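Welcome! Please take a look at the sequence and the structure below, and then we will walk through a few of their features together.

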Amino acid sequence: MKAQVVTLDAGSAGEIDLDEAIFGVEPRADILHRVVRWQLAKRQAGTHKTKTRSEVAGTRKKIYKQKGTGGARHGARSAPIFRKGGVAIGLVSRSHAHDLPKKVRALGLRMALSAKQGEGKLTIVDSATAEGKTALLKAKLDKLGWGRTLVIDGAEVNEGFLLASRNIEGVNVLPTMGANVYDILRHDSLVLTKAAVEALEARLK
């Protein structure tokens, strides 16, 4: 399929051929959901922790004799029933990550790219370069009408563009290897450089 290529100055830079197998796939909500869930589970810290009765501070001495008190039988004050005792079934540190086949991950990325293309929210630029001045870049982006935008560049992001864009609210920049389903879907617009298109097509074939 053909797509228009623009410049950051809102000019035309010709056309580019997009691979139908990557930018023309019918999106499926279940696949996108699985990939996003896998991504978020993998980044979850899992550092939550509660103390069990063997970990709380305090004596392990039996608090009173077994029989004759008229009360229930108890061993140590660390029992979960007591104040400051351990937690019976509490949170423990663990990884929330789970496996997802590589083919499903790749399919999810193709579908995310295709979804933006199908919605008309995918823009191809010839290159993403800037002089490092935020005000100048913001004026260009406002002219192009880009709001919450994800810009994906080639193998490396232009340093000047990265410096200029990092103080613009809603604009994020990633190299091609950082392209992922979650970030693509959570931004209103997706901008790919020509180098990014070539790298993504090589990566997803």
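A residue is called buried when its relative accessible area is under 20%, exposed when it is over 50%, and partly exposed in between, using a 1.4 Å probe and protein chains only. This is a predicted model, where local features need pLDDT of at least 70, side-chain atom pairs count only at pLDDT 80 or more, and totals for chains, interfaces and linings use all residues. Residues are numbered from 1 along each chain as its sequence is written, and side-chain values use heavy atoms, leaving out hydrogens and water.

Let us start with H96. With a relative accessible area of 16%, H96 is buried. Its place is the loop between α2 (29–43) and α3 (102–118); helices (H or I, at least four residues) and strands (E, at least two) are DSSP runs numbered from the N terminus. Leaving aside residues up to four places away in sequence, H96 touches A41, Q44, G46 and H48, where contact means heavy atoms within 4.5 Å.

The table gives side-chain polar contacts, meaning pairs of N or O atoms within 3.5 Å, one able to donate a hydrogen and the other to accept it; residues adjacent in sequence count only if both atoms are side-chain atoms.

| Side chains | Polar contact |
|---|---|
| H96 and Q44 | 3.4 Å |
| H96 and R94 | 3.3 Å |

Now for the sheet. Six strands form an open, mixed sheet in the order β2-β1-β3-β6-β4-β5. β2 (12–17) and β5 (171–174) are at the edges with a single partner strand each, so one side of each has no neighbour in the sheet. Strands pair if DSSP finds at least two bridges between them; β1 (residues 2–6) and β2 do so in the antiparallel sense over four bridges. Within β2, E15 is the bridge partner of Q4.
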